[in-house]
Amino acid sequence: MQEEFIRLSKPLIGLEEKEAVLSVLSNERLGMGNEVKKFENELNSFFGRTTICCINGTAALHLALQAMGIGDQDEVLVQSLTYVASFQAISACGAIPIACDIELESLTIDLKDAKRKLSPKTKAIMPVHFGGDPGRLDEIYSFAQENGLRVIEDAAHAFGSEYKNRKVGSFGDVSCFSFDGIKNITCGEGGCIVTNNREIMSLAREARLLGVENETKHRFSDKRNWQFDVKSQGWRYHMSDIMASIGRKQLEKLKYFAEKRKELAKHYDELFLNSKSINIFKRNYQSIVPHIYSIILPEGTDRSSMRKKLYQDSIETGIHYMPNHQLTLYRGLQIQELKNTDQIYPRLLSIPLHPDLNRKQVEFIANKIHEIIE
Ligand SMILES: Cc1ncc(COP(=O)(O)O)c(C=O)c1O
């Protein structure tokens, strides 16, 4: 048994984050205030667009969809192979997630399948930037434009990634990010919406604080709005100053985190490149900040027993993701099979990737995988 347990994913938290949290605690103003305001300003500069911080990435998607006017029985095209958060955000609006297939090379949405599923009820497409890869965004935007669809990018995995030399989130319709405990940067939990659409901004900002008018402005001046009107359905989805204080320090470290993730993923690539048993995804790490590293196991591999053996060797693994069209809640919505998703899902295995991992551990993991397979 190796001494140190290797986690699948984890944040890297330093003294800076701890001191930042302590400082908020010492201030005894813990809710949404100055720290969130500063974090939003820093993110505005990062993206060159307006950012609205919220409690998590799922809330960001939900708020953005609602602000786009997606509602009862509207259809949203989305890949089945994504975290259930993408689907739940759509169904939370009363809309219907239409499960689409993926491209086997990238695990991003298969536009050919999405086109087949277009109907008069389709209002939006939600590309998921799987593992940080934005896929064929230009083609997705052209398709959306031709058919009058909104585009909501589920960029939960893609903080720091670029597409054609532009940061994900710095262009397009609306992009949503997650800052949960294991993402490229973390706030503990957290998320944000990025857009340049003024109407969406203002609706999402209002809805994140129960629809209370101008509440953000008051909170950012350490005040409350005691006499107010509410004109639309809102949620309690705002971010706290404690969370923002962590996020601000993490944002300063993004460059290091991104480089580390890229270096480790490239090292895995080298170690698996000539493997007879393991297949990998060819990602361009010049532009992609890898959020997860998935390998493709040989057909027929007993994935559960493989995971158990790796665990005995102190290696944690994961499965990204349980396809949504196989979940009880969404099963009834999908009549056709999703060929690529159904074919690749049983063979996917995510192996450790985070900025606290080192090259030796990566080699140890790759060796163990080969040993077990052989
Ligand atoms: C693809 C995807 N979308 C959305 C989310 C939701 O983000 P959060 O966990 O911050 O709510 C996640 C989180 O893991 C995700 O992986």
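I took two strands to pair if DSSP finds at least two bridges between them. With that in hand, I opened this predicted model and began with a sheet.

**Entry 1: the sheet**

I looked up the bridges between strand E11 (residues 293-296) and E12, and found 4 of them, with the two strands running antiparallel. I then followed individual partners: Ile-296 has Leu-348 of E12 as its bridge partner, and Ile-295 has Leu-349.

Next I stepped back to the sheet as a whole, which is open, has 3 strands in the order E10-E11-E12, and is paired antiparallel. Strand E10 (279-280) and strand E12 (348-351) are at its edges with a single partner strand each, so one side of each has no neighbour in the sheet. I reminded myself that strands of a sheet pair through backbone hydrogen bonds.

Which way do the residues of E12 point? I noted Leu-348 and Ser-350 on one side and Leu-349 and Ile-351 on the other, and all of them are buried.

**Entry 2: aromatic pairs**

I ran through the rings next, pairing those with centres within 6.5 Å. By this rule I count 16 aromatic pairs. One of them is Phe-130 with Tyr-321, edge-to-face, with 5.9 Å centre to centre and 75° between the planes.

What does this pair tie together? I placed Phe-130 in the loop between strand E4 (122-126) and helix H6 (137-146), and Tyr-321 in the loop between helix H11 (303-312) and helix H12 (328-331), so the pair links parts 191 residues apart in sequence. I found both Phe-130 and Tyr-321 buried.

I then turned to Tyr-268 and Phe-272, whose ring centres are 6.1 Å apart with planes at 15°, so I logged this pair as stacked. Both residues belong to helix H10 (residues 254-273), where they sit 4 residues apart, about one turn of the helix. Are they buried or exposed? Tyr-268 is buried, at a relative accessible area of 0%, and Phe-272 is buried too, at 1%.

I also traced a cluster: ring pairs link Phe-39, Phe-46, Phe-47, Phe-159, Phe-177 and Phe-179.

**Entry 3: charges over rings**

I stayed with Phe-46 for a moment, and found Lys-167 over the face of its ring, 4.2 Å from the ring centre. A second case is Arg-166, which lies over the face of Phe-171 at 4.3 Å from the ring centre.

**Entry 4: Arg-49**

Phe-171 came up again when I listed the contacts of Arg-49. Setting aside residues up to four places away in sequence, Arg-49 touches Leu-43, Asn-44, Gly-169, Ser-170, Phe-171, Gly-172, Asp-173, Val-194, Thr-195 and Asn-196.

Where is Arg-49 found? I located Arg-49 in the loop between helix H2 (34-47) and strand E1 (50-54). Buried means under 20% relative accessible area, so Arg-49, at 11%, counts as buried.

How many residues does each domain bring to the contact? I have 39 residues from domain 1 and 32 residues from domain 2. The area buried between the two domains is about 2,900 Å², and carbon and sulfur atoms give 58% of that.

Terms used. Residues numbered from 1 in each chain as written. Predicted model: local features only at pLDDT ≥ 70, side-chain atom pairs only at ≥ 80, totals over all residues. Heavy atoms only, no water. Phe/Tyr/Trp six-rings, centres within 6.5 Å; stacked < 30°, edge-to-face > 60°. Buried < 20%, exposed > 50% of the residue type's maximum accessible area, 1.4 Å probe, protein only. Lys NZ or Arg CZ within 6 Å of the ring centre and 35° of its normal. Contact = heavy atoms within 4.5 Å. Buried area = accessible area lost by both parts, 1.4 Å probe.
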